[in-house]
Amino acid sequence: MEILWFIGTLLAVAAATLILLGVRRVRLIRMGGINVALRTHLDNPRGWHLGVARYHGDEFTWYRALSLRNGPNRIIQRDGFEIDDRREPEAQELYGVPNGAVILRCRAELDPPRSKRAYGGPDTLVEIAMTPDALTGFLSWLESAPPGRRLPYAS
């Protein structure tokens, strides 16, 4: 009897976790998020992580899809953010990026992070994969810095 109770509890916890993941993802998408894959370890072709990204002022905040964390997993500042290269995904990368995605190799020239959630440092390389529609919005956001700010190169 105790084993059945234990198995039932485990199943209930697993179901609750899946429901929370689904609710979190729907909430992020409805709040203006876009589907984006992010890779910070460029030497590993299997290092893509799916998630939802949002533009929040001068910050590009990224939330990992399979995380119950309430806040963003990565924060990239618009200042000092530059696009180095644009490419199509290779065959071994197709599993981890959105369908029809374009991959941007970017360089973030950031000071030490303001918080543990911030990501970056001098010349940090990161790859971002997004659909062409999301890419148009991303490039518009990147180039729309207020007057007097240095505009990064966006191709």
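Leaving out neighbours within four places in sequence, Thr61 is in contact (heavy atoms within 4.5 Å) with Val52, Ala53, Arg54, His56, Pro72, Arg74 and Ile75. Keep in mind that this is a predicted model, where local features need pLDDT of at least 70, side-chain atom pairs count only at pLDDT 80 or more, and totals for chains, interfaces and linings use all residues. Residues are numbered from 1 along each chain as its sequence is written, and side-chain values use heavy atoms, with hydrogens and water left out.

**Around Thr61**
- Thr61 sits in strand E3, residues 59-64 (strands, E, are DSSP runs of at least two residues, and helices, H or I, of at least four, numbered from the N terminus).
- Thr61 counts as buried because its relative accessibility is 4% (buried means under 20% relative accessible area, exposed over 50%, partly exposed in between, with a 1.4 Å probe and protein chains only).
- Pro72 is 11 residues away along the chain, yet its C-alpha atom and that of Thr61 are separated by 5.9 Å.

**The sheet**
- An open, antiparallel sheet is built from 7 strands in the order E4-E3-E2-E1-E7-E6-E5 (two strands pair if DSSP finds at least two bridges between them).
- E4 (74-77) and E5 (81-87) are the edge strands with a single partner each, so one side of each has no neighbour in the sheet.
- E5 pairs with E6 (residues 102-108) over 6 bridges, in the antiparallel sense.
- Across from Leu104 in E6 stands Arg86.

**The annotated stretch**
- UniProt, in an unreviewed entry, places a "transmembrane region" at residues 6-23 (its positions follow the numbering used here, feature names are shortened, and annotations may be inferred rather than shown by experiment).
- Residues 6-23 are 100% helix and 0% strand, with the end C-alpha atoms 26 Å apart.
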